[in-house]
Amino acid sequence: MLTPKDILETLEFDKIIQLTQNYCMGELAATQIAEIQIQTEPHIIERLLLESEEMQKTYAENHQFPLSAYVDLSADYQKLVIEGYTLTLETLQMIRQQLLITQGIFNFFGYGKKRDILQLYPTLYGILSKIDFQTKLADAISRVLDENGDMRPDASPDLMRLVRLQNSKRQELDKRFRQVAQFYNSKGWLADIVESMRNGRRVLAVLAEYKRQLRGIMHDESATGRTAFIEPEEVIDLNNDLFDLEQEYKREVYRILRDLSSELRPYAATMQLYQDLIVRYDIIAAKAQLSYNYQGIKPKLFTQPHFKLTEARHPLLYLKNLKTKQKTRPFDLNFRPEQRILLLSGPNAGGKSICMKAIGLIQLMVQAGFLIPAEEGSELGVFQQFMADIGDQQSLEDELSTYSSRLKNAREFLEKANPQTMVLIDEFGSGTDPQMGGAIAEAILSQLNQAKVWGVVTTHYSNLKVFANKNKGIVNGAMVFDKKTLSPTYEMRIGIAGSSYAFEIAEKSGLPAKVIQYAQREIGQETVDMDAMLVELQQEKQKLNEANSQLAAQQKQLDALIKNYEYAARELEFGRKKLKLQTKEQELQEMQKLHTEALKTLEQALLEVKNAKEAEKKSELAKQALKLSEQTKQTAQTNLNTLKEDIYKVYAPTLAEIKAGTYVKLRDGNTFGMVTDIRKKEATVQVGNMLLTLPLRDLQAIDNPIIKTEDLRPKNDVTKKVNFNPQVDIRGLKYEEAIDAVQDFIDNALLSDAYLLRIIHGKGGGILRRAVWDKLKLYPKFRNVRFAPDNQGGEGVTEVEM
């Protein structure tokens with residue numbers, strides 16, 4: 001729904017259409033572009049955007065899409081269905097042109113066999129993927145027509161015979177006519193031009209005084225009556241013979257065209273389909289060519305209303321400035337959660353209306369399948385209604401003043417507005433007494449906000465700026481004004497209210513100082529101060545919001561770092577206890593070995609005793625020794641089991657997290673898998689193509705399978721070593737950017753097996769160097785922090801031993 005009906009013209013969408021039409025190869029595509037619809041179905045919009053994006057990509061890939069000029073043949077295809085209808089030579093030539101264009105398009109995609117092309121342009125290929133191309137149609141026409149669209153002499157045997165006869169008869173006629181003309185010219189009966197053509201016959205230009213003496217047929221005479229054009233008697237029969245041959249030739253041509261039309265008749269609908277195909281690609285190519293000129297991109301599309309524009313530009317302004325080599329100031333618009341309406345204020349001629357129209361126009365363009373003039377990362381949603389109140393809508397016919405027309409629009413907006421609506425209002429509240437107009441505007445804005453509409457509103461009224469500051473859903477925005485040069489910068493900032501700078505602009509325009517002073521006295525210093533204070537408060541609020549956002553980001557990084565440190569500490573504790581366990585296990589194995597050897601020695605000694613009394617005594621000693629050895633072994637085993645339990649207590653909290661579908665890591669190595677089943681204290685784990693049954697306590701839960709290569713710190717992860725670059729260059733970065741870069745670098749280093757790190761900060765004034773060293777002091781476990789050797793950067797490079 002578009003309100004009012006001329007909203008497309010108001011937002012200059014019609015000019016986008018006109019520019020697109022200039023790139024069309026055929027009038028049929030230009031006509032359909034003029035009737036282009038604003039789509040509201042997300043899947044249709046997504047497909048249209050992909051088509052435009054892929055067609056634009058053909059320019060970057062230097063893949064020339066085969067399109068050329070064509071004409072609308074719909075009427076001819078409709079008539080061809082009628083039995084007996086015969087196509088003309090001219091029409092057949094145009095049909096062949098369309099068939100050749102279609103064939104070129106099929107060749108571009110290799111008839112579905114060029115995999116590289118299909119991977120680059122899957123959406124474009126999908127348009128014709130289910131259509132077959134009939135090569136025999138163009139071949140049939142080419143058997144009859146030559147390259148210039150004329151009938152081929154060898155189109156049929158009879159036609160070839162007639163062509164030969166005509167050529168022979170013309171030669172005979174030419175020879176005889178020259179003889180007759182030479183004879184009568186020698187007698188002085190002919191005019192200077194000697195001969196001419198009349199009624200398709202070759203005639204002599206005879207002087208009027210001799211026309212009665214030259215026998216033949218007079219076809220015409222000159223306007224002055226001084227020259228008669230007579231077909232001499234000697235060539236009448238030859239001309240008649242040639243005429244008969246020409247008539248027979250025409251009948252044969254018609255017969256050939258009739259037969260060819262009959263051959264093409266069953267394919268009339270197919271050829272209409274080919275024409276529709278050409279038109280569709282022509283429309284896509286025209287849209288892509290225009291977007292290529294304004295550097296359009298495909299935004300991420302949301303099914304519901306959504307706004308995130310990055311370095312967006314008004315397309316028409318950008319194209320205009322491109323011709324004059326002027327720079328176009330881009331703008332960003334990123335609504336935070338619960339923000340839907342931008343209240344834009346600032347000085348006159350500062351760019352408020354341009355920004356507002358650009359936002360509306362870009363939204364219309366994306367819902368019509370046009371790429372948008374913005375940078376990657378832009379995101380837009382889909383709206384079901386568009387409403388705009390822009391410009392002077394005074395109507396003498398309806399007896400409406402400017403303000404009355406605005407109120408009429410406002411009433412219609414309030415009746416129809418819903419969360420799927422985009423509203424654009426320029427100079428909200430103007431046209432009547434500022435105090436009352438401002439109050440009414442605030443009431444209307446409140447109702448629109450309650451209806452949860454989206455949009456942009458421009459205004460000068462301070463009460464609306466205050467209202468926006470106090471109410472969720474609305475955010476202030478300002479067009480920046482340079483107080484030093486007293487000129488607009490055309491830069492839009494979100495989160496602050498703008499001032500009209502009326503007195504500053506009046507002063508720059510040359511208005512007398514006494515006039516400005518008088519105005520300042522009349523308005524009152526309190527009003528001036530209030531406007532300035534409002535701007536300052538909004539600026540402070542913006543700074544506070546930015547600081548909060550930065551603090552939240554830093555807190556997020558800190559939480560991630562703490563989590564990494566906690567994990568590293570657990571890993572270290574696990575490794576230390578694991579090493580102790582392995583040592584105890586080796587001691588137990590040695591004890592078992594000594595126990596076995598002692599048992600064998602005692603058995604051998606018992607075999608060697610000489611009497612029963614001595615044997616009984618030694619047997620008793622052996623039993624006591626074995627008992628003591630067994631007790632020692634059991635004590636060692638108990639200590640070993642206790643140590644094992646201590647080891648697994650390090651990860652005890654994660655055992656409760658393990659269930660079917662959980663991704664896990666084997667504690668003793670770098671094996672990863674997914675749990676498929678749990679039975680008591682054991683789990684079945686899918687590792688590649690194998691199923692392993694493992695104790696639960698030997699497993700460690702991980703967040704997702706990507707963590708195994710990104711978030712965990714394996715002991716010998718070759719991939720991690722390859723991906724991590726142990727050197728970072730922060731020269732040229734701002735202080736905050738440098739600190740963030742070093743922080744990320746250290747975090748990644750802690751998760752890798754790097755030994756030596758290099759941070760290139762340069763010498764300069766030493767600001768970055770001191771910042772780096774202050775950051776490194778937060779990590780006391782680093783073995784060594786030093787400057788690099790003189791031949792490797794000296795004090796411009798800091799080296800860190802992990």
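Good morning. The model is predicted, so local features need pLDDT of at least 70 and side-chain atom pairs count only at pLDDT 80 or more, while totals for chains, interfaces and linings use all residues. Residues are numbered from 1 along each chain as its sequence is written, and side-chain values use heavy atoms, leaving out hydrogens and water.

I begin with the sheet. Helices (H or I, at least four residues) and strands (E, at least two) are DSSP runs numbered from the N terminus, and two strands pair if DSSP finds at least two bridges between them. An open sheet holds seven strands in the order E1-E11-E12-E13-E9-E14-E15, and the pairing is mixed. Strand E1 (2-3) and strand E15 (487-494) stand at the edges; each has a single partner strand, so one side of each lacks a neighbour in the sheet. Strand E14 (residues 474-482) runs antiparallel to E15, and five bridges join the two. Asp482 stands opposite Ser487 in E15.

Helix H16 (residues 434-450) touches strand E9 (341-345), strand E12 (421-425) and E14, and its direction makes about 150° with that of E9. Helix H17 (residues 462-470) touches E9, strand E13 (454-459) and E14, and its direction makes about 130° with that of E14.

I turn to helix H14. Is H14 mostly covered or uncovered? It is mostly covered, since twelve of its 15 residues are buried. Buried means under 20% relative accessible area, exposed means over 50%, and partly exposed lies in between (1.4 Å probe, protein chains only). Among the buried residues of H14 are Lys352, Cys355 and Gln363.

Next come some backbone details. The peptide bond from Thr3 to Pro4 is cis, with omega near -5°, and Pro4 lies in the loop between E1 and helix H1 (7-10). Val194, in strand E2 (residues 190-198), has a positive phi of about 65° although it is not a glycine. Glu311, in strand E7 (residues 307-312), is not a glycine either, yet has a positive phi of about 50°. Glu311 is partly exposed, at 38% relative accessible area.

E7 runs antiparallel to strand E8, joined by three bridges. Leu309 has Leu333 in E8 as its bridge partner. In a regular strand the side chains alternate between the two faces of the sheet.

Finally, the cores. A nonpolar core is a set of buried Ala, Val, Leu, Ile, Met, Phe, Trp, Tyr and Cys residues joined through side-chain atoms within 4.5 Å. Which residues touch the most other members of the largest core? Of its 108 residues, they are Phe13, Phe109 and Tyr281. Helix H12 (residues 268-293) gives the largest share of this core, 13 residues. A second, separate core of 20 residues includes Met387, Ala417, Leu464 and Ile474.

Technical notes: Contact = heavy atoms within 4.5 Å. Axes fitted to C-alpha atoms, helices over the stretch in contact; angles between N-to-C directions.
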